[in-house]
Amino acid sequence: MLAHIDACRILYNQLLCARIQAWQKDEESLSRYDQQDTLPMLKNQYEPFSVVHSQVLQQVCQRVDLAFKGFFRRLRERTKTGEKAGFPRYKSENRYDSITYTQFSSSCRLDGKGLRLSKIGCIRVVEHRPLEGVPKCCTITRTATGKWYASIPCDIGDTSEETDDGSAVGVDVGLDSFAVTSDGEKIENRRFFREEEKALARAQQKWDAVKKRPKTDAVRERRRKVIGRVHERIRNKRHNFAHQESRKMVNRHGFIAVEKLDVKEMQKNRRLAKSIADVAWSLFRHCLEYKAEEAGIGFKAVKPDYTSQDCSACGHREKKTLSDRVHHCKVCGYKTDRDHNAAINILTLGLQRQAVNRQEAHRL
């Protein structure tokens, strides 16, 4: 497996170099398919490439192509977002950790003995859950701590979306509480990174003392893995929390509306950037979205503009600062928690958007 990943890394660097040289010499822009046509020649020149399955090599061409497409997109949007363009760079040994079989049916098989991969063989696996639907591809990933994972996306077909307005819920996410729902439920913000911050600082201090040693040094590698284990522990806790809470909501409700936040823009606030990254709103919304789609229930992500300022009872708009945690309408006298008021507004917007989509679908 390691030999296949290393061969793909070398191929990635060669394809990247070929694109750069083609532009510098002839101002020619190579496409993904131009580079795929050179794979037979590269296999003859470098024997390890011939050991890797052809689909895996073609997917490396796709990765290079996506890297350049992302670079040009960021270059176009740089004036608006201020984001760095980030030219694609060569991959070192620790920066290429996965391979992908793009057609599961022709190159992979999962049976009682394990996962069979073309050109690799049978690998014993611990299945997280049985496969449902039609497997499409397979990605093998190595983590920083040396663990291996196989991800197999499946096509479960179209699911008929059913909206139960009686059990509909709006969700307002925040930093004080992880989320507040329109029916008054509060979910605690666990702050997983903050819990492990001291352990991470200690591990990084020990790493700083040996990081200048040769890469083959055993102590250096051991301390690098300690940092990887801390980050992996934080990630696992955060993902487990997001999956559990999203599953509870999908099981209880027939329609879910959430706010569509621009997290990257919000992280430009230096005082709150670490806390915003720790709470992982985007991960939670992604879990809600795909679980709702799988269950066949309604889901809408709405713009959060003025959801905290508008009164959910009468619609009166009044500006609030982040320190104002209670909503008290001066017009109708309605008083409730600020986040609860926002969650009700999010639910209302989500139901309105759902109704508009239904009308458009009937017209078609």
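The model is predicted, so local features need pLDDT of at least 70 and side-chain atom pairs count only at pLDDT 80 or more, while totals for chains, interfaces and linings use all residues. Residues are numbered from 1 along each chain as its sequence is written, and side-chain values use heavy atoms, with hydrogens and water left out.

**Exercise 1.** Find how F68 and F87 are arranged, and where they sit.

*Solution.* Start with the rule: rings of Phe, Tyr and Trp (its six-membered ring) pair if their centres lie within 6.5 Å, and planes under 30 degrees apart count as stacked, over 60 as edge-to-face and the rest as tilted. The whole structure holds 9 aromatic pairs. In one of them, F68 and F87 are 5.7 Å apart centre to centre with 90° between the planes, an edge-to-face pair. Helices (H or I, at least four residues) and strands (E, at least two) are DSSP runs, numbered from the N terminus.

**Exercise 2.** Is F68 buried or exposed?

*Solution.* Buried means under 20% relative accessible area, exposed over 50%, partly exposed in between (1.4 Å probe, protein chains only). F68 has 8% relative accessibility, so F68 is buried. F87, at 44%, is partly exposed.

**Exercise 3.** Describe the pair of F192 and F241.

*Solution.* The pair is edge-to-face, at 5.7 Å centre to centre and 65° between the planes. F192 belongs to helix α7 (residues 192-208) and F241 to helix α8 (residues 218-252), 49 residues apart. F192 is buried at 6% relative accessibility, and F241 is buried at 10%.
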